[in-house]
Amino acid sequence: MSSVLRPAIPASEAESDTTSAESPALEKYRPISHHLAIAPPVSVVIPAMNEAENLPYVFKTLPGWIHEVVLVDGNSTDDTIEVARELWPDVKVVPQRGKGKGDALIAGFEACTGDIIVMIDADGSADGHEIVSYVSALVSGADFAKGSRFANGGGTDDMTLIRKLGNWALCTTVNRKFGARYTDLCYGYNAFWRHCLDKIELDCTGFEVETLMNIRVVKAGLKVQEIPSHEYLRIHGASNLRAVRDGLRVLRVILRERSNRRALRRRSRATMLTAGRGESS
């Protein structure tokens, strides 16, 4: 797996140099701009349920250099699947087995074949043009590129004062309890190397999956880099997010992970003490 940034070769130059000895090696790189290319294939996972009206806005911002788009359909009753296939003929459609955003993302991750996985919402609130920033952070050394609406350069058009306060309180709790340095916690625009999934078991089904991922990458000692991101208003339809209900679910995840961490520390200390007694005897 390569994680090297390389200069992209203009199409005209590449065509005129097809007989060059270097051309086979260069073909593996995906042009991002006139000055940049990458080797790792990028998969984009989009969980969607009845988002047919929003998908045109989502897909038109996706860069053409990505390896694949994985759409996880949550039993839509509108034309979500048909619209997705019309917009991106090679889209990989994955039927969701259960319910909830977490369940959808887990199904999408399992279907990905790229070395880098990007998760993005289907409501038009995220700008696909930002994907290059996430990928750049990963190929530059980060394991997990975490979107933040409150990092310098980020922003949001879609959060009430109550939601901002709740996000701040939960984020502060995670930072203090787990030693993180997040500026945003409950945001679904993230990217990571595929190998991260081997270190962070995902076992929740709702919106709290984003918080669980953020906590477990820190617990796993993975290198995290925040990416300033702007969240726009949902274009059509109503969100399934419920601030109080989902905020409580996030809090339960934080408390559970904190409890698990303490139990792990106790077991580690007990193991060390037992080993020490064995050596002394």
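Strand 3 (residues 42-48) and strand 6 (residues 116-119) run parallel and are joined by 4 bridges. Helices and strands here are DSSP runs, with at least four residues (H or I) for a helix and at least two (E) for a strand, numbered from the N terminus. This is a predicted model, in which local features need pLDDT of at least 70, side-chain atom pairs count only at pLDDT 80 or more, and totals for chains, interfaces and linings use all residues. Residues are numbered from 1 along each chain as its sequence is written, and side-chain values use heavy atoms, with hydrogens and water left out.

**The sheet**
- Ser 43 has Ile 117 as its bridge partner in strand 6.
- Zooming out, 7 strands make an open sheet with mixed pairing, in the order 5-4-3-6-9-7-10; two strands pair if DSSP finds at least two bridges between them.
- Strand 5 (92-95) and strand 10 (224-228) sit at the edges with a single partner strand each, so one side of each has no neighbour in the sheet.
- From one strand to the next, the twist averages 20°, using axes that are lines fitted to C-alpha atoms and angles from 0 to 180 degrees between N-to-C directions.

**The chain overall**
- There are 9 helices and 11 strands in the chain.
- Of the 281 residues, 46% are buried (under 20% relative accessible area; exposed is over 50%, partly exposed in between; 1.4 Å probe, protein chains only).
- Take the contacts (heavy atoms within 4.5 Å) with a separation of 6 or more: 76% are between residues 24 or more positions apart.
- The accessible surface is about 14,500 Å², and carbon and sulfur atoms account for 53% of that (Shrake-Rupley method, 1.4 Å probe).

- The largest nonpolar core has 72 residues, and Ile 46, Phe 59, Leu 62, Phe 109 and Met 213 touch the most other members. Such a core is a set of buried Ala, Val, Leu, Ile, Met, Phe, Trp, Tyr and Cys residues joined through side-chain atoms within 4.5 Å.
- Helix 6 (residues 131-139) supplies the largest share of this core, 6 residues.
- Leaving out residues up to four places away in sequence, Met 213 touches Phe 109, Met 119, Phe 144, Phe 192, Ile 200 and Leu 202.
- Helix 5 (residues 101-111) is largely enclosed by the rest of the structure, because 9 of its 11 residues are buried.
- Phe 109 is one of those buried residues, and so are Lys 101 and Asp 103.
- The cover over the buried residues of helix 5 includes strands 3, 4, 5, 6 and 9, plus helix 8.

**Two loop residues**
- Ile 66, in the loop between helix 3 (55-59) and strand 4 (68-73), is buried at a relative accessible area of 4%.
- Beyond its neighbours within four places in sequence, Ile 66 is in contact with Arg 30, Val 42, Val 44 and Trp 88.
- Thr 205, in the loop between strand 9 (190-193) and helix 8 (209-219), is partly exposed at 39%.
- Thr 205 and Gly 102 are 103 residues apart in sequence, yet their C-alpha atoms are 3.9 Å apart.
- Among the residues that Thr 205 touches are Lys 99, Gly 102 and Arg 249, not counting residues up to four places away in sequence.

**Confidence**
- The average pLDDT (the predictor's confidence in each residue, from 0 to 100) is 84, and 80% of the residues score at least 70.
- Over residues 1-26, pLDDT stays under 50, and the model has 33 contacts beyond four places in sequence for them.
- Where pLDDT is low, the predicted coordinates should not be read in detail.
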